[in-house]
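Subject: A structure for you to look at

Hi there,

Here is the structure I promised to pass on. Have a look at it first, and then read my notes below.

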Amino acid sequence: MDKYNFDEIIPRKGTNCLKYDLEEVGDRAALWIADMDFKTPDFIVDAMRRRLEHPVFGYSFIPESYFNAVTSWVKDLHGWEISKEWVRYIPGIVKGIGMVLCRFCNPGDKVIIMPPVYHPFRIVPEKNGLEVVKCPLIPIYDEEGFLKTYKMDFDALESVIDEKTRVLILSNPHNPCGVCWPVEELKKLAHICAEHNVLVISDEIHAEMAFNGHKHHPFATVSEEAANNSISFLAPSKTFNIAGIVSSYTVVPNDSLRDIFFRYLDANEYDSPTIMSVIAAEAAYTYGHEWREQMLDYVQGNIDYVDEYLRKFIPQLHCVKPDASFLVWLDCRKLGVTQEELVCLFRDKAGLFLNDGSMFGEQGNGFMRLNVGCPRSILTSALESLACAVSGMNK
């Protein structure tokens, strides 16, 4: 069994890397956008390298082995037996969401989101001429007043649905808080949406990153209502750090929905992947089980490290420990500053570039999103800088 090295620091500046080379980031420690700083595993790089040894890169098709790898992986991880006929390549999950909205909605229709939530859930519908209806999650606090988790507000959901409501976009697991939604909540959501003929888009890009003691439940598996009224999106991109290769796929169990959506994809050739997308995904799902386990152990260690460090040295801040993903939702409300001041504290005083919590909706005010998918030495340096910045606030 190989032992993978997640402590290795791999310089990324100068590679047209969004995370590091964006002018706004500058020399700050980049702990924001959701890709990791870990080396993409050799079994993926080697598979692509073998293909590069052939000097012709013409049109290609998706081999049967790709579908076998996807269906086997999903069954092994989630116990979800999917047919290859349910699966199609998608050129990115955000793009996939846009495709569903373009096919199943008309201008002026309504789309429900549950903030605080991944900001493209709002941006994509708005830019496609749809009305975004917000049904905020209910925050659950611990005995110290820090955020513990969220739950869905079903009373509010029933109240905002009307005859113009067409789609609800679900983040499962949730981004930015990392909640693995309980089966009963997902069942209730499925029932309400089916009852009102509201199609559910389930973004499950962090599905492969549930930690010890937590389990991801694919939305389509929780009930017949969920299976028959949903379009799910998955990808190996977060787990294996290959977001730039674009290897997403959609799973649609319902025959009627699948026929409508897949015809649309086929008509526009949206389901035609690049050569490397298929090769990378197949390699990840064929050889990636052990790498995934070791990576999750390391990321879980990073999360625990952040939690312990904050408790000891920056008790005004709180780590909302995720059930899944390498993204940590930081509760900074006890600092008693405005969101603008909070962002300034992190970026200008501490020299850290995190995601501003307000980008996930007004419910994100008082929060910052921290990416811990990096070597621990980088995290240590960042936390030390943050501790100095916080201690100097009143000086």
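A salt bridge here means a side-chain nitrogen of Lys or Arg within 4 Å of a carboxyl oxygen of Asp or Glu. This is a predicted model, in which local features need pLDDT of at least 70 and side-chain atom pairs count only at pLDDT 80 or more, while totals for chains, interfaces and linings use all residues. Residues are numbered from 1 along each chain as its sequence is written, and side-chain values use heavy atoms, with hydrogens and water left out.

Searching the whole structure turns up 22 salt bridges. One of them joins aspartate 35 to arginine 12, with 3.0 Å between the closest N and O atoms. Aspartate 35 sits in the loop between strand 1 (29–30) and helix 2 (42–52) and arginine 12 in the segment before helix 1 (18–21), so this pair ties together parts 23 residues apart in sequence. (Helices, H or I with at least four residues, and strands, E with at least two, are DSSP runs numbered from the N terminus.)

Aspartate 35 also forms a salt bridge with lysine 19, at 3.8 Å between the closest N and O atoms. Lysine 19 lies in helix 1, so here the parts tied together are 16 residues apart in sequence.

Are these residues buried or exposed? Aspartate 35 is buried at 16% relative accessibility, as are arginine 12 at 19% and lysine 19 at 1%. (Buried is under 20% relative accessible area, exposed over 50%, and partly exposed in between, using a 1.4 Å probe and protein chains only.)

Finally, Arg12, Lys19, Asp35 and Asp37 are linked in a network of salt bridges.

Happy exploring!
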